[in-house]
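This report walks through a few local features of one protein structure. Please keep the sequence and the 3D view at hand while reading.

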Amino acid sequence: MIELNYKNVDAQVIGEENGLNIEEEFNNYQERITHIIADLNKRKDKPGQWLRWMNLGYSEETVWYVKEFASMVEGRFENILVLGIGGSALGGIAVTEALLKPYWNLLTPEQRNNQPRIFFLDNIDPDSINSLLNILDLKKTLVNVITKSGSTAETMSQYMIVKDLLEKELGDDYRKNIVVTTDKNIGILKQLADQEGYKTFIVPDDVGGRFSVFSAVGLLPFALVGIDIDEITNGIKDMDLALKNLDIHENIAAQNALIHYLMDTKKGKNLSVMMPYSSRLKYVSDWYVQLWAESLGKEYDKEGNRVNIGPTPIKALGVTDQHSQIQLYNEGPNNKVINFIRVKEFDTTLEIPKIFEYTGIGYLGGKTINDLLNAEADSTRVALADYQRPTVTITIPKINGYYVAQLLYMLEVQTAIAGELYNIDTFNQPGVEQAKNYTYALMGRSGYEDSAIQLQTKMASV
Ligand code: PA5
């Protein structure tokens with residue numbers, strides 16, 4: 001199982017002013033945490049609670065359909081192109097970057113075990129879209145359009161561009177190159193998929209975008225590039241079982257949620273840095289940033305009081321950001337909780353040759369890059385403690401589907417528990433919807449005419 005070490009948030013290590021009396025706090029909050037965990041598990045099957053992501057590890061039917069489709073198209077495509085944004089892309093990017101061999105798209109087909117390359121278009125930069133579309137042979141590309149709402153302007157515009165190109169190249173057969181993942185009822189994409197006859201996967205009800213990585217949103221692209229999705233569901237199930245434990249001393253999601261909540265509300269540390277010491281886990285930080293920001297950044301609490309709360313998430317990468325952000329983290333405002341992610345065992349070892357023995361870099365020879373990475377992670381953690389900065393360390397034994405799934409699921413549950421502690425609705429995103437609606441108005445979507453007029457007036461003044 002993955003582990004959480006919270007020693008460096010304790011007042012005994014980083015001092016009373018910045019640290020927490022952690023044992024005391026765990027005991028003080030035990031009852032509240034028990035209630036929160038029991039309540040989340042009680043509500044998870046109820047419609048309208050947006051907690052069905054807690055069931056995704058057990059969704060054998062989805063796994064079966066995903067595997068069936070993946071084996072049906074095996075060998076037919078050189079590329080998978082995912083069109084999606086936010087929660088419809090970030091989990092896919094995080095997991096494929098973690099689990100596929102590094103530089104996957106640059107490997108030969110043999111090095112990729114004849115599995116396809118995978119590309120995510122999660123932005124609407126015209127230069128990068130044009131460039132990618134020039135690189136890909138669309139005839140040999142399977143396009144997975146992913147949008148829960150079925151109408152997000154960025155994804156739908158990409159879909160329209162790609163569909164048009166595909167049809168021009170392939171005629172009527174273009175339909176075989178599109179697979180859609182969307183809601184079963186709402187949205188334009190589902191209607192179009194039915195009309196045009198695309199293979200369709202469903203984002204289950206009550207699973208929000210940022211909690212959808214273990215639905216077909218993620219599982220389909222994973223299976224299409226040969227990732228073992230059973231390993232992933234096993235990781236989720238084992239972590240889910242561990243996180244059902246009502247004892248805060250045994251529940252790492254509850255511990256980290258409470259630490260972040262108390263550091264924010266008692267110690268004024270409302271920034272949460274996610275810093276994996278692994279390039280393969282780099283995009284877990286991007287995924288976490290969305291999860292934490294959209295879930296916890298809220299204007300109102302559950303009683304409708306204006307609170308404008310939410311800890312700000314920040315992404316960082318070890319060791320790269322030791323040469324960038326760490327100066328600020330050590331000496332700047334003491335307003336952050338830093339989450340290190342450490343990997344116990346890397347897939348490979350890389351030795352530094354014993355050359356230049358009698359020079360100032362001779363000490364490196366004979367060591368491994370693995371040693372150097374670990375030494376740097378340890379020294380950064382200790383230096384931060386010297387400066388009385390709180391850090392927690394999440395340790396993952398290895399980077400594989402089982403542990404990466406545990407990590408992501410743990411962070412999802414941590415977010416849900418933190419939302420309850422803040423007493424806000426973790427699962428809505430009115431701030432995102434507001435901007436989406438403004439975009440619809442500006443781009444002339446029907447039904448948004450009044451907003452468009454109001455918006456033109458506002459734009460003139462801001
Ligand atoms: O988490 C969320 O709900 C959002 O970030 C969405 O995932 C994002 O806006 C994309 O929405 P959709 O999947 O409906 O296209």
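## About the model

This is a predicted model, in which local features need pLDDT of at least 70 and side-chain atom pairs count only at pLDDT 80 or more, while totals for chains, interfaces and linings use all residues. Residues are numbered from 1 along each chain as its sequence is written, and side-chain values use heavy atoms, with hydrogens and water left out.

Helices (H or I, at least four residues) and strands (E, at least two) are DSSP runs, numbered from the N terminus. Buried means under 20% relative accessible area and exposed means over 50%, with partly exposed in between (1.4 Å probe, protein chains only).

In helix H7, residues 188-196, the buried residues are Leu-189, Lys-190, Ala-193 and Glu-196. They lie on the same side of H7 because they cover an arc of only 140° around the axis, where the arc is that of the directions from the helix axis to the C-beta atoms. The face turned away from this buried side carries the exposed residues Gln-191, Asp-194 and Gln-195.

Contact means heavy atoms within 4.5 Å, and what covers the buried residues of H7 includes strand S4 (141-147), helix H6 (153-170), strand S5 (178-182) and strand S6 (199-202). Just after H7, Gly-197 takes a positive phi of about 80°.

In strand S3 (residues 117-121), five of its five residues are buried. Arg-117, Phe-119 and Leu-121 are on one side, with Ile-118 and Phe-120 on the other, and both faces are covered.

Strand S2 (residues 79-83) runs parallel to S3 and is joined to S3 by five bridges; two strands pair if DSSP finds at least two bridges between them. Within this pairing, Ile-80 stands opposite Ile-118.

## A buried loop residue

Thr-426 is found in the loop between H14 and helix H15 (430-442), and this residue is buried, with a relative accessible area of 1%. Leaving aside residues up to four places away in sequence, Thr-426 touches several others, among them Arg-210, Glu-294, Lys-298 and Glu-420.

## Cavities

A search of the whole structure finds four cavities of 30 Å³ or more. On a 1 Å grid over the protein atoms alone, a cavity is a set of points where a 1.4 Å probe fits but cannot get out, and lining residues have an atom within 4 Å of a point.

The largest cavity holds about 50 Å³ of space, and H2 gives the most to its lining, with three residues.

Terms used. On a 1 Å grid over the protein atoms alone, a cavity is a set of points where a 1.4 Å probe fits but cannot get out, and a pocket is an open set with protein on both sides within 12 Å along at least five of seven lines; lining residues have an atom within 4 Å of a point. Grid points are joined across faces, edges and corners, and a volume is the space filled by probe spheres set on the points.
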